[in-house]
Amino acid sequence: MFIETTWQTTRPSVTGRVTFLLNNDHLSDVKFVATNSNGESKQVIPAHKFILAIGSPVFEAMFYGELAETKDTIELPDCDYESLLELFRYIYSDEVNLSGSNVMAVLYLAKKYIVPSLADKCMEYLNEKINSLNAFSILPWAQKYEEKSLVDRCWKVIENQTEAAVESEGFETIGRSLLEEVVARDNLSIKEVILFQAVDRWATTQCEKQGLAEEGPIKRRILGEEMIKALRFPVMTGEEFAVNIVDTNILTSDEVVTLLKYFIVPTSPSPVAFSKTPRGKLTHAADCMTSCRFPTCTPTSWNYHGERSDLLCFSVDKTITLHGLRLFGSENNSYTVTLKVTDTGSRTTVVSKSGTYYPKLLHSKRFSYHGFEVMFDSAAVLKNNTSYLIEALISGPWSGKGDNGLGTVKASSVTFTFSSVYREDSNNTNVNGGQFPEILFSH
(Lines give C-alpha, C1' and ligand atoms only; values in the text may rest on other atoms or scores of the structure.)
Protein backbone atom coordinates (compact mmCIF):
# COMPACT_ATOMS: atom_id res chain seq x y z
CA MET A 1 0.00 0.00 0.00
CA PHE A 2 1.32 3.41 -0.93
CA ILE A 3 1.52 5.80 2.05
CA GLU A 4 2.07 9.48 1.41
CA THR A 5 5.13 10.65 3.30
CA THR A 6 3.41 13.70 4.75
CA TRP A 7 0.12 12.07 5.75
CA GLN A 8 0.34 13.64 9.22
CA THR A 9 0.54 17.21 7.90
CA THR A 10 -2.49 16.83 5.64
CA ARG A 11 -4.65 15.78 8.61
CA PRO A 12 -4.59 18.60 11.16
CA SER A 13 -6.58 16.81 13.92
CA VAL A 14 -5.56 13.89 16.10
CA THR A 15 -8.82 12.17 15.21
CA GLY A 16 -8.08 12.51 11.51
CA ARG A 17 -4.59 11.08 11.89
CA VAL A 18 -5.74 8.14 14.02
CA THR A 19 -8.64 7.43 11.69
CA PHE A 20 -6.18 7.30 8.80
CA LEU A 21 -4.52 4.31 10.47
CA LEU A 22 -7.76 2.27 10.67
CA ASN A 23 -7.35 -1.02 8.79
CA ASN A 24 -3.99 0.23 7.58
CA ASP A 25 -0.69 -1.70 7.61
CA HIS A 26 1.27 1.49 8.24
CA LEU A 27 2.79 1.36 11.75
CA SER A 28 0.70 -1.72 12.48
CA ASP A 29 2.09 -4.07 15.15
CA VAL A 30 -0.69 -6.67 15.37
CA LYS A 31 -3.15 -8.35 13.04
CA PHE A 32 -6.59 -9.78 13.75
CA VAL A 33 -8.11 -12.60 11.73
CA ALA A 34 -11.90 -13.15 11.51
CA THR A 35 -14.25 -14.83 9.07
CA ASN A 36 -16.46 -12.76 6.81
CA SER A 37 -20.18 -12.59 7.55
CA ASN A 38 -21.06 -15.62 5.42
CA GLY A 39 -18.35 -17.67 7.14
CA GLU A 40 -16.72 -18.70 3.87
CA SER A 41 -13.30 -17.05 4.16
CA LYS A 42 -10.98 -15.39 6.64
CA GLN A 43 -9.96 -11.76 6.44
CA VAL A 44 -7.20 -9.80 8.18
CA ILE A 45 -7.44 -6.43 9.92
CA PRO A 46 -4.09 -4.74 10.67
CA ALA A 47 -4.24 -2.82 13.93
CA HIS A 48 -2.18 -0.83 16.42
CA LYS A 49 -1.85 -2.06 19.99
CA PHE A 50 -1.53 1.37 21.57
CA ILE A 51 -4.67 2.73 19.91
CA LEU A 52 -6.70 -0.34 20.86
CA ALA A 53 -5.36 -0.20 24.42
CA ILE A 54 -6.44 3.41 25.00
CA GLY A 55 -9.93 2.49 23.72
CA SER A 56 -10.53 -0.70 25.69
CA PRO A 57 -9.32 -1.99 29.09
CA VAL A 58 -9.51 -5.52 27.68
CA PHE A 59 -7.08 -4.67 24.86
CA GLU A 60 -4.84 -2.86 27.35
CA ALA A 61 -4.62 -6.02 29.46
CA MET A 62 -4.16 -8.12 26.32
CA PHE A 63 -1.18 -6.14 25.06
CA TYR A 64 0.34 -4.52 28.16
CA GLY A 65 -0.77 -6.68 31.08
CA GLU A 66 1.19 -9.26 33.05
CA LEU A 67 0.17 -11.98 30.61
CA ALA A 68 0.47 -9.84 27.49
CA GLU A 69 -0.19 -11.46 24.12
CA THR A 70 3.07 -11.91 22.24
CA LYS A 71 1.75 -13.24 18.94
CA ASP A 72 1.66 -10.89 15.98
CA THR A 73 -1.55 -12.46 14.64
CA ILE A 74 -4.66 -13.02 16.78
CA GLU A 75 -7.52 -15.12 15.51
CA LEU A 76 -11.03 -14.35 16.82
CA PRO A 77 -13.46 -17.20 16.14
CA ASP A 78 -16.37 -15.60 18.00
CA CYS A 79 -16.93 -12.64 15.69
CA ASP A 80 -17.10 -11.76 12.02
CA TYR A 81 -14.81 -9.45 10.08
CA GLU A 82 -17.45 -6.77 9.38
CA SER A 83 -18.45 -6.36 13.04
CA LEU A 84 -14.87 -6.39 14.30
CA LEU A 85 -14.01 -3.67 11.80
CA GLU A 86 -16.86 -1.54 13.21
CA LEU A 87 -15.51 -2.02 16.74
CA PHE A 88 -12.11 -0.83 15.57
CA ARG A 89 -13.68 2.01 13.58
CA TYR A 90 -15.27 3.30 16.78
CA ILE A 91 -12.06 2.98 18.81
CA TYR A 92 -10.08 4.78 16.10
CA SER A 93 -12.60 7.48 15.16
CA ASP A 94 -15.60 7.59 17.53
CA GLU A 95 -17.71 6.70 14.50
CA VAL A 96 -19.60 3.48 13.76
CA ASN A 97 -21.72 2.27 10.85
CA LEU A 98 -24.58 0.31 12.39
CA SER A 99 -27.16 -1.67 10.48
CA GLY A 100 -29.79 -4.25 11.22
CA SER A 101 -27.43 -7.01 10.13
CA ASN A 102 -24.46 -6.02 12.32
CA VAL A 103 -25.77 -4.20 15.39
CA MET A 104 -26.15 -7.33 17.55
CA ALA A 105 -22.62 -8.51 16.76
CA VAL A 106 -21.19 -5.04 17.38
CA LEU A 107 -23.07 -4.87 20.68
CA TYR A 108 -21.56 -8.23 21.65
CA LEU A 109 -18.05 -6.93 20.91
CA ALA A 110 -18.70 -3.64 22.73
CA LYS A 111 -19.68 -5.62 25.82
CA LYS A 112 -16.82 -8.12 25.47
CA TYR A 113 -14.13 -5.46 25.11
CA ILE A 114 -15.79 -3.05 27.58
CA VAL A 115 -16.47 -0.10 25.31
CA PRO A 116 -19.61 1.25 27.04
CA SER A 117 -20.09 4.30 24.83
CA LEU A 118 -20.29 2.01 21.78
CA ALA A 119 -22.73 -0.26 23.61
CA ASP A 120 -24.86 2.83 24.29
CA LYS A 121 -24.88 3.70 20.60
CA CYS A 122 -26.00 0.17 19.77
CA MET A 123 -28.80 0.44 22.34
CA GLU A 124 -29.93 3.78 20.93
CA TYR A 125 -29.98 2.29 17.44
CA LEU A 126 -32.01 -0.72 18.60
CA ASN A 127 -34.48 1.45 20.53
CA GLU A 128 -35.14 3.46 17.39
CA LYS A 129 -35.43 0.43 15.12
CA ILE A 130 -37.54 -1.96 17.23
CA ASN A 131 -40.72 -3.05 15.50
CA SER A 132 -43.00 -6.07 15.41
CA LEU A 133 -40.76 -7.84 12.89
CA ASN A 134 -37.57 -7.77 14.98
CA ALA A 135 -38.73 -7.47 18.61
CA PHE A 136 -38.31 -11.20 19.25
CA SER A 137 -34.83 -11.11 17.72
CA ILE A 138 -33.73 -8.19 19.90
CA LEU A 139 -35.38 -9.20 23.19
CA PRO A 140 -33.13 -12.20 24.04
CA TRP A 141 -30.02 -10.03 23.59
CA ALA A 142 -31.51 -7.25 25.70
CA GLN A 143 -32.28 -9.76 28.46
CA LYS A 144 -28.81 -11.32 28.22
CA TYR A 145 -27.11 -7.96 28.70
CA GLU A 146 -29.65 -6.84 31.33
CA GLU A 147 -30.58 -3.71 29.39
CA LYS A 148 -33.84 -3.00 31.18
CA SER A 149 -34.98 -0.05 29.07
CA LEU A 150 -34.49 -2.07 25.89
CA VAL A 151 -36.24 -5.08 27.41
CA ASP A 152 -39.20 -2.90 28.37
CA ARG A 153 -39.32 -1.38 24.89
CA CYS A 154 -39.35 -4.83 23.29
CA TRP A 155 -42.19 -5.99 25.52
CA LYS A 156 -44.19 -2.84 24.78
CA VAL A 157 -43.92 -3.50 21.03
CA ILE A 158 -44.80 -7.18 21.52
CA GLU A 159 -47.81 -6.34 23.69
CA ASN A 160 -49.14 -3.69 21.33
CA GLN A 161 -48.48 -5.64 18.11
CA THR A 162 -48.58 -9.24 19.30
CA GLU A 163 -50.11 -10.82 16.23
CA ALA A 164 -47.51 -9.33 13.88
CA ALA A 165 -44.69 -10.14 16.31
CA VAL A 166 -45.53 -13.85 16.58
CA GLU A 167 -45.73 -14.05 12.77
CA SER A 168 -42.13 -12.79 12.47
CA GLU A 169 -39.19 -15.06 11.69
CA GLY A 170 -37.60 -14.28 15.04
CA PHE A 171 -40.47 -15.79 17.03
CA GLU A 172 -39.79 -19.40 16.05
CA THR A 173 -36.13 -19.06 17.09
CA ILE A 174 -36.72 -17.85 20.66
CA GLY A 175 -35.85 -20.07 23.59
CA ARG A 176 -38.42 -22.03 25.52
CA SER A 177 -38.11 -19.84 28.63
CA LEU A 178 -38.94 -16.72 26.61
CA LEU A 179 -41.91 -18.50 25.02
CA GLU A 180 -43.14 -19.27 28.54
CA GLU A 181 -42.93 -15.56 29.37
CA VAL A 182 -45.01 -14.73 26.29
CA VAL A 183 -47.74 -17.29 26.99
CA ALA A 184 -47.97 -16.24 30.64
CA ARG A 185 -48.33 -12.56 29.77
CA ASP A 186 -51.68 -10.81 30.29
CA ASN A 187 -51.22 -7.73 28.12
CA LEU A 188 -51.10 -9.31 24.67
CA SER A 189 -53.05 -7.86 21.75
CA ILE A 190 -53.97 -11.11 20.05
CA LYS A 191 -56.82 -13.59 19.78
CA GLU A 192 -56.09 -16.68 21.84
CA VAL A 193 -56.53 -19.01 18.87
CA ILE A 194 -53.84 -17.12 16.92
CA LEU A 195 -51.49 -17.26 19.92
CA PHE A 196 -52.05 -21.03 20.13
CA GLN A 197 -51.26 -21.41 16.43
CA ALA A 198 -48.00 -19.51 16.94
CA VAL A 199 -47.07 -21.74 19.90
CA ASP A 200 -47.91 -24.81 17.81
CA ARG A 201 -45.60 -23.57 15.02
CA TRP A 202 -42.82 -23.04 17.55
CA ALA A 203 -43.25 -26.60 18.81
CA THR A 204 -43.24 -27.89 15.21
CA THR A 205 -39.92 -26.11 14.60
CA GLN A 206 -38.48 -27.73 17.72
CA CYS A 207 -39.59 -31.16 16.50
CA GLU A 208 -37.84 -30.53 13.18
CA LYS A 209 -34.62 -29.44 14.92
CA GLN A 210 -34.61 -32.51 17.18
CA GLY A 211 -35.63 -34.97 14.47
CA LEU A 212 -38.86 -35.87 16.27
CA ALA A 213 -42.27 -36.72 14.85
CA GLU A 214 -44.52 -33.66 14.65
CA GLU A 215 -47.26 -35.21 16.78
CA GLY A 216 -49.46 -33.63 19.43
CA PRO A 217 -48.20 -35.57 22.49
CA ILE A 218 -44.57 -34.90 21.51
CA LYS A 219 -45.27 -31.19 21.05
CA ARG A 220 -46.98 -31.16 24.45
CA ARG A 221 -43.90 -32.75 26.05
CA ILE A 222 -41.68 -30.10 24.42
CA LEU A 223 -43.94 -27.26 25.56
CA GLY A 224 -44.47 -28.60 29.07
CA GLU A 225 -47.59 -28.76 31.22
CA GLU A 226 -47.23 -25.26 32.65
CA MET A 227 -47.24 -23.69 29.21
CA ILE A 228 -50.25 -25.76 28.10
CA LYS A 229 -52.17 -24.69 31.22
CA ALA A 230 -51.25 -21.04 30.58
CA LEU A 231 -53.10 -21.07 27.25
CA ARG A 232 -56.61 -19.65 27.68
CA PHE A 233 -58.78 -21.99 25.61
CA PRO A 234 -62.07 -20.89 27.31
CA VAL A 235 -61.80 -17.37 25.81
CA MET A 236 -61.95 -18.83 22.30
CA THR A 237 -65.24 -19.37 20.51
CA GLY A 238 -66.50 -22.93 20.21
CA GLU A 239 -65.90 -22.81 16.47
CA GLU A 240 -62.31 -21.59 16.88
CA PHE A 241 -61.64 -24.39 19.33
CA ALA A 242 -63.22 -27.12 17.22
CA VAL A 243 -61.59 -26.07 13.95
CA ASN A 244 -58.10 -25.10 15.14
CA ILE A 245 -57.33 -26.93 18.39
CA VAL A 246 -58.97 -30.36 18.55
CA ASP A 247 -57.14 -31.99 15.62
CA THR A 248 -53.68 -30.91 16.83
CA ASN A 249 -53.95 -33.58 19.57
CA ILE A 250 -51.98 -31.37 21.93
CA LEU A 251 -54.83 -31.55 24.45
CA THR A 252 -55.90 -34.82 26.05
CA SER A 253 -59.26 -36.32 25.14
CA ASP A 254 -60.62 -35.46 28.60
CA GLU A 255 -59.56 -31.82 28.18
CA VAL A 256 -61.18 -31.65 24.74
CA VAL A 257 -64.47 -33.09 26.02
CA THR A 258 -64.56 -30.74 29.01
CA LEU A 259 -63.91 -27.70 26.82
CA LEU A 260 -66.45 -28.73 24.17
CA LYS A 261 -69.10 -29.13 26.89
CA TYR A 262 -68.18 -25.68 28.16
CA PHE A 263 -68.69 -24.17 24.70
CA ILE A 264 -71.87 -26.09 23.83
CA VAL A 265 -73.75 -26.30 27.12
CA PRO A 266 -74.04 -22.94 28.89
CA THR A 267 -74.76 -24.58 32.25
CA SER A 268 -71.73 -26.88 32.18
CA PRO A 269 -68.95 -26.15 34.70
CA SER A 270 -66.02 -24.13 33.45
CA PRO A 271 -62.78 -25.98 32.72
CA VAL A 272 -60.87 -24.92 35.84
CA ALA A 273 -57.51 -26.06 34.41
CA PHE A 274 -57.51 -23.11 32.01
CA SER A 275 -57.96 -19.39 32.66
CA LYS A 276 -61.12 -17.68 31.42
CA THR A 277 -59.59 -14.21 31.72
CA PRO A 278 -59.07 -12.57 28.31
CA ARG A 279 -55.66 -11.14 27.56
CA GLY A 280 -55.22 -7.43 27.12
CA LYS A 281 -55.90 -6.22 30.66
CA LEU A 282 -54.81 -2.60 30.80
CA THR A 283 -54.91 -0.34 33.82
CA HIS A 284 -54.23 2.97 32.11
CA ALA A 285 -56.40 4.56 29.47
CA ALA A 286 -53.29 6.04 27.88
CA ASP A 287 -52.40 2.52 26.70
CA CYS A 288 -55.75 2.10 24.91
CA MET A 289 -57.26 3.23 21.66
CA THR A 290 -60.39 5.34 21.91
CA SER A 291 -63.60 5.61 19.94
CA CYS A 292 -65.18 9.04 20.43
CA ARG A 293 -68.78 9.21 19.22
CA PHE A 294 -69.43 12.95 19.70
CA PRO A 295 -68.10 15.88 17.67
CA THR A 296 -69.09 18.38 20.40
CA CYS A 297 -70.16 18.51 24.03
CA THR A 298 -72.01 20.82 26.43
CA PRO A 299 -70.76 21.19 30.05
CA THR A 300 -73.01 20.66 33.11
CA SER A 301 -76.25 20.01 31.23
CA TRP A 302 -76.97 16.35 31.98
CA ASN A 303 -78.99 15.32 35.04
CA TYR A 304 -79.27 11.98 36.88
CA HIS A 305 -82.64 10.78 38.16
CA GLY A 306 -82.37 8.24 40.94
CA GLU A 307 -82.79 4.73 39.54
CA ARG A 308 -82.79 5.65 35.85
CA SER A 309 -79.84 4.23 33.92
CA ASP A 310 -77.98 5.63 30.93
CA LEU A 311 -78.19 3.04 28.14
CA LEU A 312 -76.58 2.62 24.73
CA CYS A 313 -76.10 -0.32 22.35
CA PHE A 314 -73.14 -0.77 20.04
CA SER A 315 -71.41 -3.34 17.86
CA VAL A 316 -68.01 -3.57 16.16
CA ASP A 317 -66.99 -4.98 12.79
CA LYS A 318 -63.80 -6.54 14.20
CA THR A 319 -63.17 -8.41 17.42
CA ILE A 320 -61.73 -6.08 20.08
CA THR A 321 -60.67 -6.17 23.71
CA LEU A 322 -62.72 -3.77 25.83
CA HIS A 323 -60.77 -2.18 28.69
CA GLY A 324 -63.08 0.55 29.92
CA LEU A 325 -65.16 3.63 29.14
CA ARG A 326 -64.90 7.35 29.65
CA LEU A 327 -67.90 9.12 31.15
CA PHE A 328 -68.83 12.77 31.42
CA GLY A 329 -68.65 14.52 34.80
CA SER A 330 -68.18 18.04 36.06
CA GLU A 331 -65.31 19.87 37.69
CA ASN A 332 -64.59 19.42 41.43
CA ASN A 333 -67.33 16.81 41.92
CA SER A 334 -67.59 13.04 42.46
CA TYR A 335 -69.84 10.35 40.94
CA THR A 336 -70.88 6.90 42.12
CA VAL A 337 -71.21 4.53 39.17
CA THR A 338 -72.35 0.97 38.55
CA LEU A 339 -71.39 0.12 34.99
CA LYS A 340 -71.87 -3.09 33.06
CA VAL A 341 -71.71 -4.31 29.47
CA THR A 342 -74.08 -7.08 28.39
CA ASP A 343 -74.25 -9.34 25.35
CA THR A 344 -77.80 -8.60 24.20
CA GLY A 345 -78.13 -11.95 22.44
CA SER A 346 -77.23 -14.24 25.33
CA ARG A 347 -78.18 -11.61 27.94
CA THR A 348 -74.97 -12.35 29.83
CA THR A 349 -72.88 -9.68 31.53
CA VAL A 350 -69.44 -9.70 29.93
CA VAL A 351 -67.84 -7.13 32.26
CA SER A 352 -68.85 -4.79 35.09
CA LYS A 353 -67.39 -2.31 37.55
CA SER A 354 -68.65 -0.16 40.44
CA GLY A 355 -66.98 2.67 42.30
CA THR A 356 -66.71 6.35 43.09
CA TYR A 357 -64.90 8.51 40.55
CA TYR A 358 -63.50 12.03 40.50
CA PRO A 359 -63.54 13.85 37.15
CA LYS A 360 -60.46 15.41 35.62
CA LEU A 361 -59.86 17.24 32.38
CA LEU A 362 -59.79 14.65 29.58
CA HIS A 363 -58.88 15.18 25.95
CA SER A 364 -60.64 13.35 23.14
CA LYS A 365 -59.64 13.67 19.50
CA ARG A 366 -62.38 16.27 19.00
CA PHE A 367 -62.70 18.24 22.26
CA SER A 368 -61.71 18.43 25.93
CA TYR A 369 -64.11 17.81 28.78
CA HIS A 370 -64.31 17.05 32.50
CA GLY A 371 -64.88 13.34 32.92
CA PHE A 372 -63.55 10.11 34.41
CA GLU A 373 -62.31 6.71 33.26
CA VAL A 374 -63.87 3.45 34.40
CA MET A 375 -61.27 0.72 33.76
CA PHE A 376 -62.50 -2.86 34.17
CA ASP A 377 -60.56 -5.21 36.44
CA SER A 378 -60.41 -7.77 33.62
CA ALA A 379 -60.66 -6.87 29.97
CA ALA A 380 -63.42 -8.42 27.86
CA VAL A 381 -63.16 -9.74 24.33
CA LEU A 382 -66.06 -8.37 22.27
CA LYS A 383 -66.90 -10.30 19.12
CA ASN A 384 -67.55 -8.66 15.80
CA ASN A 385 -71.13 -8.24 14.58
CA THR A 386 -72.53 -8.81 18.07
CA SER A 387 -74.76 -6.31 19.88
CA TYR A 388 -73.64 -5.12 23.31
CA LEU A 389 -75.55 -2.97 25.81
CA ILE A 390 -73.75 -0.39 27.96
CA GLU A 391 -75.71 0.30 31.13
CA ALA A 392 -74.61 2.81 33.78
CA LEU A 393 -76.42 3.81 36.94
CA ILE A 394 -74.83 7.13 37.90
CA SER A 395 -75.37 9.20 41.04
CA GLY A 396 -73.96 12.70 41.29
CA PRO A 397 -74.43 16.33 40.30
CA TRP A 398 -75.16 17.53 36.79
CA SER A 399 -72.48 16.60 34.27
CA GLY A 400 -71.50 17.41 30.74
CA LYS A 401 -73.13 15.65 27.79
CA GLY A 402 -72.28 14.89 24.20
CA ASP A 403 -74.11 16.51 21.28
CA ASN A 404 -74.71 15.65 17.61
CA GLY A 405 -73.67 12.04 18.15
CA LEU A 406 -72.57 9.82 15.28
CA GLY A 407 -74.20 6.51 14.41
CA THR A 408 -70.94 5.03 13.16
CA VAL A 409 -67.38 5.88 14.16
CA LYS A 410 -64.15 4.39 12.79
CA ALA A 411 -61.24 4.20 15.20
CA SER A 412 -57.96 2.42 14.48
CA SER A 413 -59.53 0.39 11.62
CA VAL A 414 -62.47 -0.71 13.80
CA THR A 415 -65.96 0.55 12.93
CA PHE A 416 -68.28 1.12 15.90
CA THR A 417 -72.02 1.24 15.21
CA PHE A 418 -74.24 2.79 17.90
CA SER A 419 -77.99 2.40 18.44
CA SER A 420 -80.44 3.91 20.93
CA VAL A 421 -82.21 1.91 23.65
CA TYR A 422 -85.75 2.83 24.64
CA ARG A 423 -86.76 1.61 28.10
CA GLU A 424 -88.95 3.08 30.80
CA ASP A 425 -86.00 3.28 33.20
CA SER A 426 -83.76 5.02 30.67
CA ASN A 427 -82.08 8.31 31.51
CA ASN A 428 -82.45 9.30 27.83
CA THR A 429 -78.87 8.76 26.61
CA ASN A 430 -79.14 7.89 22.91
CA VAL A 431 -77.13 7.98 19.71
CA ASN A 432 -77.63 11.72 19.34
CA GLY A 433 -76.63 12.82 22.84
CA GLY A 434 -75.98 12.04 26.49
CA GLN A 435 -73.36 9.85 28.19
CA PHE A 436 -70.54 7.49 27.08
CA PRO A 437 -68.31 9.78 24.99
CA GLU A 438 -65.45 7.30 24.52
CA ILE A 439 -64.84 3.55 24.47
CA LEU A 440 -61.35 2.37 25.50
CA PHE A 441 -60.21 -0.71 23.60
CA SER A 442 -57.37 -2.57 21.90
CA HIS A 443 -57.26 -4.98 18.97
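**Exercise 1. Aromatic pairs**

Task: How many aromatic pairs does a search of the whole structure find? Then classify the pair F59 and F63 as stacked or edge-to-face.

Solution. The search of the whole structure gives 25 aromatic pairs. The model is a predicted one.

Step 1. Take F59 and F63. Their ring centres are 6.1 Å apart, and the planes make an angle of 5°.

Step 2. Apply the cut-offs. Centres must lie within 6.5 Å, and planes under 30 degrees apart count as stacked. The pair F59 and F63 is therefore stacked.

Step 3. F59 and F63 are both buried.

**Exercise 2. A pair between two strands**

Task: Which strands hold F314 and F416, and are these residues buried or exposed?

Solution. 

Step 1. Check the geometry. F314 and F416 form a stacked pair, with 6.3 Å centre to centre and 25° between the planes.

Step 2. Find the strands. F314 is in β6 (residues 310-316), while F416 is in β15 (residues 414-419). The pair therefore ties together parts that are 102 residues apart in sequence.

Step 3. Use the cut-off for buried, under 20% relative accessible area. F314 has 3%, so it counts as buried. F416 has 0%, so F416 is buried too.

**Exercise 3. A salt bridge across the sequence**

Task: Where in the chain do D78 and K112 lie, and how is each one classed by accessibility?

Solution. 

Step 1. The structure has a count of 21 salt bridges. One of them joins the side chains of D78 and K112, at 2.6 Å from N to O.

Step 2. D78 lies in strand β3 (residues 73-80) and K112 in helix α5 (residues 103-112). The bridge therefore ties together parts 34 residues apart in sequence.

Step 3. D78 has a relative accessible area of 32%, so it is partly exposed. K112 has 31%, so K112 is also partly exposed.

**Exercise 4. The contacts of R185**

Task: Which residue forms a salt bridge with R185, and which ring does the charged end of R185 sit over?

Solution. 

Step 1. The salt-bridge partner is E159, with the closest N and O atoms 2.7 Å apart. E159 is in helix α8 (residues 148-160). R185 is in the loop between α10 (176-184) and α11 (192-210). The two residues are 26 residues apart, and the pair links distant parts of the chain.

Step 2. Compare accessibility. E159 has 15%, so it counts as buried. R185 has 25%, so R185 is partly exposed.

Step 3. Turn to the ring. The charged end of R185 sits over the ring of W155, 3.9 Å from its centre.

**Exercise 5. The hairpin in the annotated domain**

Task: How do strands β1 and β2 run, and how many bridges join them?

Solution. 

Step 1. Strand β1 covers residues 30-35 and strand β2 residues 42-47. They run antiparallel and are joined by six bridges. K31 stands opposite P46 in β2.

Step 2. Look between the strands. The hairpin has six residues there, and G39 takes a positive phi near 75°.

Step 3. An unreviewed UniProt entry annotates residues 28-100 as "domain: BTB". Over residues 28-100 the chain is 38% helix and 27% strand. The end C-alpha atoms are 31 Å apart.

Technical notes
Residues numbered from 1 in each chain as written. Predicted model: local features only at pLDDT ≥ 70, side-chain atom pairs only at ≥ 80, totals over all residues. Heavy atoms only, no water. Pairing = 2+ DSSP bridges. Helix = DSSP H or I, 4+ residues; strand = E, 2+ residues; numbered from the N terminus. UniProt positions renumbered as here; feature names shortened; annotations may be inferred. Phe/Tyr/Trp six-rings, centres within 6.5 Å; stacked < 30°, edge-to-face > 60°. Buried < 20%, exposed > 50% of the residue type's maximum accessible area, 1.4 Å probe, protein only. Lys NZ or Arg CZ within 6 Å of the ring centre and 35° of its normal. Salt bridge = Lys/Arg side-chain N within 4 Å of Asp/Glu carboxyl O.
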